[in-house]
Amino acid sequence: KFDIVHTHSSKTGFLGRIAAKLAGTKKIVHTVHGFPFHQFQPKIVQKVYQTAEKIAGLFCDNLVFVNNTDRDFAIRTGLISKSKAVTIYNGIDSHNVSRQNILQSDIITVGCVCRFWEQKNVIDTIKTAIKVCSETDIINFVFVGDGEHLSLCEEMVKEAVLEDRIKLPGWQSDAYLWLKKFDVFLLYSRWEGLPISILEAMSIGLPIVASDINGNNELVTKENGFLVSIYNIDKLFEVLTNLPNQKERLTEMGKKSLEIAQGKFGLDRFIKSYLELYEEEI
């Protein structure tokens, strides 16, 4: 009896679109928050997921992408027709927080908020943080979150005797309380859609260090941060160790992050785009 069914996530998106069509729903929308297939999977697994996505696409009126790269890929490879494909960036409320403290403190705090699992590449990130701390004593790290790799990361930090400089506070209910303590936000993930964690960091004016992957590279440019190849950990180390030498640049990057978040990724624009999509004639 629904007028519109809007699905999210891969499994519920596949089943939900088919169920909605069978139930005679007037309009069916699915949002792709990053495809379930990615370059780190075996080719056969990627092919199975792509085929499932192509089938599910037949059962919806619109497929919404949170970044343009995924939309272009889907059209180019025939996963969805161009007439059904639309990009609506994730939206975020902005928090106008001054980041002048980055110039006032001798210590730079690099922070991350994420789930501790394969996608977020936390093992390589923690290894790099340990290496950075062995190189300089004016950069500290905070990694907020929980997940299957947290205990291993805790062991790595403990073995390096760096518990006082690499903090792992675990799951926290209010990410913004922690983001306000950071000077730079770090997310070196392996694949993404359009990460809310980076948007949240941008919304309070943080400069960003991120992996150069789909999604991340539509949020981060040389104006508001640094993009590093996921295959170049040495470069990540270089970027992080050089942060204390460019505090004024980081401050300007933070201001640009806030400006981008308030404009291109504003919550009002996000809501307006979905309302227009819902109200379109089928």
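Begin by selecting E155: at 51% relative accessibility, this residue counts as exposed, where exposed means over 50% relative accessible area, buried under 20%, and partly exposed in between (1.4 Å probe, protein chains only). The model is a predicted one, in which local features need pLDDT of at least 70 and side-chain atom pairs count only at pLDDT 80 or more, while totals for chains, interfaces and linings use all residues. Residues are numbered from 1 along each chain as its sequence is written, and side-chain values use heavy atoms, with hydrogens and water left out.

E155 belongs to helix α6, residues 150-159; helices (H or I, at least four residues) and strands (E, at least two) are DSSP runs numbered from the N terminus.

Next, show the whole chain. The secondary structure comes to 11 helices and 10 strands. With a radius of gyration of 20 Å, close to the 19 Å that the globule rule gives for 282 residues, the chain is as compact as a globular protein of that length. That radius is taken over C-alpha atoms, and the rule is 2.2 Å times the number of residues to the power 0.38. The C-alpha trace spans about 60 × 40 × 35 Å along its principal axes, and 51% of the 282 residues count as buried.

The remaining stops are salt bridges, each a side-chain nitrogen of Lys or Arg within 4 Å of a carboxyl oxygen of Asp or Glu. The count comes to 11.

- Select E148 and R115, whose side chains meet in a salt bridge (3.2 Å, N to O). E148 lies in the loop between β6 (139-144) and α6, and R115 in the loop between β5 (108-113) and α5 (122-135), so the pair ties together parts that are 33 residues apart in sequence. E148 is partly exposed at 47% relative accessibility, as is R115 at 42%.
- Select E192 and K120, which form a salt bridge with their closest N and O atoms 2.6 Å apart. Both residues are buried.
- Select E276 and K272, again a salt bridge, with the closest N and O atoms 2.6 Å apart. The two residues are 4 apart in helix α11 (residues 267-279), separated by about one helical turn.
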